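Here is a short walk through the charged side chains of one structure. Have the sequence and the model in view as you read.

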Amino acid sequence: MAYDVQKTDEQWREELSPEEYAVLRQAGTERAFTGEYTDTETEGTYSCKACGSELFTSDTKFHSGCGWPSFYQPMTDTVEYIEDNSAGMKRVEVRCAKCGSHLGHVFPDGFGTPTGDRYCINSVSIKLNDK
């Protein structure tokens, strides 16, 4: 798929830290309960660490206990969904629709949320812009 933001692998490596590159460009995962935004309650907007596209608002963030920041819905048309059958599991990967960077996965177990979904997002793949 062609994205609005396209860069070479070398450009991504220059702009991102090794951990950011591993998650955003190689679909890695940060360790549970280690991310900067896991328990954050600061109001604002979360954007893609790679391209700056706004993805989620703090109004949709909730404490799921899974070890990663959880949201029950993204902002309109900001993410894309890819079937992910890696690691012996059937999941739905969530990527930034503007640059194709890996953000995390979405699961249908957001009990008690308006959508019933849990977007399990790596802290290293997002940046909080305070209100």
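**Charged pairs**

Lysine 49 and glutamate 20 join their side chains in a salt bridge, 3.2 Å from N to O. This pair ties together distant parts of the chain, 29 residues apart. Lysine 49 sits in the loop between strand S1 (44–48) and strand S2 (54–57), while glutamate 20 belongs to helix H2 (residues 18–24). A salt bridge here means a side-chain nitrogen of Lys or Arg within 4 Å of a carboxyl oxygen of Asp or Glu. Helices (H or I, at least four residues) and strands (E, at least two) are DSSP runs, numbered from the N terminus.

The model is predicted: local features need pLDDT of at least 70, side-chain atom pairs count only at pLDDT 80 or more, and totals for chains, interfaces and linings use all residues. Residues are numbered from 1 along each chain as its sequence is written, and side-chain values use heavy atoms, leaving out hydrogens and water.

How accessible are the two partners? Glutamate 20 is buried, at 15% relative accessible area. Lysine 49 is partly exposed, at 27%. Buried means under 20% relative accessible area, exposed over 50%, and partly exposed in between (1.4 Å probe, protein chains only).

Now turn to helix H1 (residues 9–15), which holds both arginine 13 and aspartate 9. They are four residues apart, about one turn of the helix. Their salt bridge brings the closest N and O atoms to 3.1 Å. Arginine 13 is partly exposed at 48%, and aspartate 9 is partly exposed at 40%.

Aspartate 109 and arginine 118 form another salt bridge, 2.8 Å from N to O. Arginine 118 is buried at 11%, whereas aspartate 109 is partly exposed at 29%. The structure holds six salt bridges.
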